[in-house]
Amino acid sequence: MPGVIHHRPDPVPQGRDAAQAPGGTVLDSLGRPLRDLRISVTDRCNFRCTYCMPRELFGADHAFLPHGALLTFEEITRVARIALASGVRKIRLTGGEPLLRKQIETLVGMLVSLRTPQGEPPELTLTTNGTLLARKARALADAGLKRVTVSLDALDDALFERMSDSGVPVATILDGIEAAAAAGLSPVKVNMVVRRGMNDGQILPMARHFRNTGHTLRFIEYMDVGSTNGWRMDEVVTGAEIVRIIDTEFPLRPLQARYRGEVAARWAYADGAGEIGLITSVSQPFCGDCTRLRLSPEGRLFTCLFAEQGHDLRALLRGGADDAALGQRLSGVWQARDDRYSERRGEAHRDHKIEMSYIGG
């Protein structure tokens, strides 16, 4: 029924004795398999979104990571190759804004040449704010990228420019989305973070715009990521509310998840005009299905979007460690993982969570 969002986890082994599943996939302490690696290639962004990088804290004097501190493309590719051997099947490039990293298409080409133990290439995707996508889409597709996700929080120019604090018009982002689709990076996913009192009036305009386009619009509950965005629970518009709002004009029906760990609950328009997604980390946490490991720009592994600290890989990478040692480190980090912050939000207060602009969404 509209307004009810279901996540249907598959049964998995539980406990420390289930550290590895058949086929070599590494399991964490709660029996969750390692399937996704999200790689942040830069902590820089050309937006100053109020919920992510507010300008008063990320101003002209903010000290970003120096280039020499960033993992090289070769180092990133080496970590990805080792992660594939531990069960990873999907790699997402993020930031900051990943298209600010020079020659990012070269990294794409290096990553798509990798293979799983079964001889399959990883699914490779990228998340972007879309500002540089129109000029980069063809090169990314030619290098082997499969899909892109574009962040767009409003269609109203004044509201969008206020939220992104960028001076970039909405048309620039829409042009990027169309360029990506034309290059074959489809279906394009469009992510909208919904914040009550800010852009919740854009839910229906966004739905109207992206119906019948072949793109998938996904609504994300405003989350308490990082420590700088001034998050308040009363600013969260829940996924159930969003479904009810859209269903009043465009009837919806729920769809089954396509695979374990799929982030968004899927809803189809009853008239066949496409589908939307709901990412409900606040109102209906899906920690039990989380299969994602994150790699920061300078080589730290984070086992949760809401983590306080990471695990250094760069020292091993630059200290002469062989692949076996790197694989043991990566597997050990995952096997010790017990994160379920969103399920424990009321009791698991953290003062210094990592910033989304640093580790990606």
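# Reading pockets, helices and loops

Me: How many residues line the largest pocket, and which lie nearest its centre?
Reply: The largest pocket has a lining of 11 residues, and those nearest its centre are Thr303, Ala307, Gln309, His311 and Asp339. A pocket here is an open set of points on a 1 Å grid over the protein atoms alone, with protein on both sides within 12 Å along at least five of seven lines; a lining residue has an atom within 4 Å of a point.

Me: What should I know about the model before I go on?
Reply: It's a predicted model, where local features need pLDDT of at least 70 and side-chain atom pairs count only at pLDDT 80 or more, while totals for chains, interfaces and linings use all residues. Residues are numbered from 1 along each chain as its sequence is written, and side-chain values use heavy atoms, with hydrogens and water left out.

Me: Back to the largest pocket: how much space lies in it, and what classes of residue line it?
Reply: The space in the largest pocket is about 220 Å³. Its lining splits into five charged, three polar and three nonpolar residues. For the classes, Asp, Glu, Lys and Arg are charged; Ala, Val, Leu, Ile, Met, Phe, Trp, Tyr, Cys and Pro are nonpolar; the others, Gly among them, are polar.

Me: How many cavities does the search find?
Reply: Rolling a probe the size of a water molecule over the atoms shows where empty space is left. In a cavity, a 1.4 Å probe fits but cannot get out. Over the whole structure, the search turns up three cavities of 30 Å³ or more. The second largest cavity comes to about 50 Å³. Among the residues lining it are Lys189, Arg218, Arg258, Glu262 and Arg266, and by class the lining has six charged, two polar and two nonpolar residues. Strands S6 (216–221) and S9 (275–279) each give at least two lining residues, with S9 supplying the largest share, three.

Me: How many helices and strands does the chain have?
Reply: There are 10 helices and 12 strands. They're DSSP runs numbered from the N terminus: helices are H or I with at least four residues, strands E with at least two.

Me: How do I read burial, and what share of the chain is buried?
Reply: Go by relative accessible area: buried is under 20%, exposed over 50%, and partly exposed in between (1.4 Å probe, protein chains only). Of the 361 residues in the chain, 57% are buried.

Me: Which residues of H9 are buried?
Reply: In H9 (residues 323–335), the buried ones are Leu326, Gly327, Leu330, Ser331, Val333 and Trp334. Down the axis of H9 these buried residues fall within an arc of 160°, so they line one face of the helix. They pack against H1 (73–85), S10 (292–295), S11 (300–302), S12 (311–312) and H8 (314–317).

Me: Which residues are on the buried side of H3, and which are on the face turned away?
Reply: Leu133, Lys136, Ala137, Leu140, Ala141 and Ala143 are the buried residues of H3. Their arc around the axis is only 150°, which puts them on the same side of H3. Arg135 and Asp142 are exposed on the face turned away from that buried side. Gly144 follows H3 and has a positive phi, near 120°.

Me: Where is Thr131, and what is it in contact with?
Reply: Thr131 sits in the loop between S3 (123–128) and H3 (133–143). At a relative accessible area of 12%, Thr131 is buried. Apart from its neighbours within four places in sequence, Thr131 is in contact with Asn46, Phe47, Val168, Thr172 and Ile173; contact means heavy atoms within 4.5 Å. Thr131 and Val168 are 37 residues apart along the chain, yet their C-alpha atoms are 7.7 Å apart.

Technical notes:
The arc is that of the directions from the helix axis to the C-beta atoms. Grid points are joined across faces, edges and corners, and a volume is the space filled by probe spheres set on the points.
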